[in-house]
Amino acid sequence: MKTAITEMFGIEHPIIQGGMHFVGFAELAAAVSNAGGLGLITGLTQRTPADLANEIAKCRDMTDKPFGVNLTFLPAMVAPDYPGYVKAIIEGGVKAVETAGRNPQQVLPHLKDAGISVIHKCTSVRHALKAQSIGCDAVSVDGFECGGHPGEDEVPKMILLPRAADELDIPFVSSGGQADGRSLVASLAMGADGMNMGTRFIATKEAPVHQNVKDAIVAASELDTRLVMRSLRNTERVLTNDAVERLIVKEKELGDKLKFEDIVEEVAGVYPRIMLEGDMDAGAWSCGMVAGLIHDIPTCKELIDRIMAEADQIINQRLAKFQGSAVSA
Ligand SMILES: Cc1cc2nc3c(=O)[nH]c(=O)nc-3n(C[C@H](O)[C@H](O)[C@H](O)COP(=O)(O)O)c2cc1C
């Protein structure tokens with residue numbers, strides 16, 4: 001399928017694997033890219049720019065297809081060495097970057113000068129317009145149902161996507177809550193040129209995370225995620241577990257007085273324990289409501305081929321049946 005996004009990134013299918021902390025390693029990025037999508041290494045999971053350079057080199061050994069790097073700008077006690085990470089990306093010859101979180105203006109000129117296409121992930125039309133105005137090539141529009149940080153506006157994708165289509169001049173992909181061919185066709189219908197998936201790609205054979213994480217996603221329903229850290233204006237959608245329920249009790253007790261220090265135990269540094277060691281109650285980890293649509297653990301190629309076959313079936317059979325009926329009704 002050809003769209004503005006496949007053309008921009010030189011990929012076969014309009015499917016992107018969003019950056020994911022302690023999930024987006026070279027193994028997953030290469031598997032997604034080899035399957036015809038755009039795989040992304042998660043920059044800040046690499047402790048230093050030198051580690052990121054190694055991960056990029058490793059990914060290049062695993063695929064000759066385009067892949068990218070995610071650079072996330074979130075509040076942090078110590079700011080990461082962004083100039084160093086950008087240098088590693090440019091010197092590694094990467095041609096696609098997904099930025100996320102705060103405004104990426106500080107890195108944009110360097111990335112653009114190096115001929116890199118930048119897609120900024122955002123959760124509101126106003127942030128998407130800002131990204132367009134500072135020179136991003138595309139945006140990834142993340143709805144309220146998404147795993148990770150859905151922002152503070154609570155706008156679901158059935159509203160957000162057509163709003164984005166009405167306002168934006170640059171292409172966009174839809175993000176959050178997507179798992180199959182239905183998701184892709186619906187995204188295209190609402191004006192997107194492709195889709196970005198996070199949680200769905202964790203439950204794949206190549207995702208280099210503990211089997212417990214994949215099994216937890218398959219076992220979960222759409223009712224099993226919770227929103228945490230709302231009062232800190234750092235809302236995150238996570239899969240419920242003992243640590244999350246404890247965190248929610250603290251949030252209820254402390255209300256607006258809640259400080260980050262009160263919940264450090266439940267949120268700080270927990271990703272390696274969960275993703276690598278499979279300690280599923282170690283803390284809060286991002287997961288989308290889309291878990292309710294995930295019932296298996298295919299390879300990335302099986303998943304992407306299935307999505308494209310389903311999309312083809314929906315467009316050429318299910319929707320084709322309605323052709324002309326709107327005017328002839
Ligand atoms: C475990 C996990 C970790 C994530 N980490 C990041 C991250 O470090 N940076 C980022 O920009 N997005 C991150 N995300 C968000 C994803 O890139 C993507 O936008 C989101 O998962 C889409 O929603 P979905 O999970 O419903 O598909 C993460 C998501 C998950 C599930």
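**Cores, contacts and salt bridges in a predicted model**

D180 is found in the loop between β7 (172-175) and α8, where helices (H or I, at least four residues) and strands (E, at least two) are DSSP runs numbered from the N terminus. The structure is a predicted model, in which local features need pLDDT of at least 70 and side-chain atom pairs count only at pLDDT 80 or more, while totals for chains, interfaces and linings use all residues. Residues are numbered from 1 along each chain as its sequence is written, and side-chain values use heavy atoms, with hydrogens and water left out.

At 9% relative accessibility, D180 counts as buried; buried means under 20% relative accessible area, exposed over 50%, and partly exposed in between (1.4 Å probe, protein chains only). Its side chain makes a polar contact of 3.0 Å with the side chain of S183. A polar contact is a pair of N or O atoms within 3.5 Å; within protein, one must be able to donate a hydrogen and the other to accept it, and residues adjacent in sequence count only if both atoms are side-chain atoms. Not counting residues up to four places away in sequence, D180 touches M195, I307 and E310, contact meaning heavy atoms within 4.5 Å.

T225, in strand β9 (residues 225-228), is likewise buried, with a relative accessible area of 9%. The side chains of T225 and R237 are joined by a polar contact of 3.1 Å. Beyond its neighbours within four places in sequence, T225 is in contact with residues including V238, L239, C287 and M289.

The largest nonpolar core has 42 residues, of which L28, F201, V213, I217, M275 and W285 touch the most other members. Such a core is a set of buried Ala, Val, Leu, Ile, Met, Phe, Trp, Tyr and Cys residues joined through side-chain atoms within 4.5 Å. Among the elements that give two or more residues to this core are α2 (26-34), α10 (211-219) and α13 (271-276). Helix α14 gives the most, with 7 residues. Apart from this core lies another, of 39 residues, among them V69, L71, I116 and C122.

L303 is found in helix α14 and is buried, with a relative accessible area of 0%. L319 is found in the loop between α14 (300-318) and α15 (325-328) and is partly exposed, with a relative accessible area of 39%.

Side chains of opposite charge can pair when their charged atoms come close. A salt bridge is a side-chain nitrogen of Lys or Arg within 4 Å of a carboxyl oxygen of Asp or Glu, and by this rule the count comes to 18. K58 forms one with E27, the closest N and O atoms being 3.0 Å apart. K58 lies in helix α3 (residues 49-62) and E27 in helix α2, so the pair ties together parts that are 31 residues apart in sequence. E266 and R246 meet in a salt bridge of 2.8 Å, N to O. This pair links distant parts of the chain, with E266 in helix α12 (residues 264-267) and R246 in helix α11 (residues 242-254). E266 is buried at 0% relative accessibility, whereas R246 is partly exposed at 35%. Salt bridges that share partners join R246, K250, E265 and E266 into one network.
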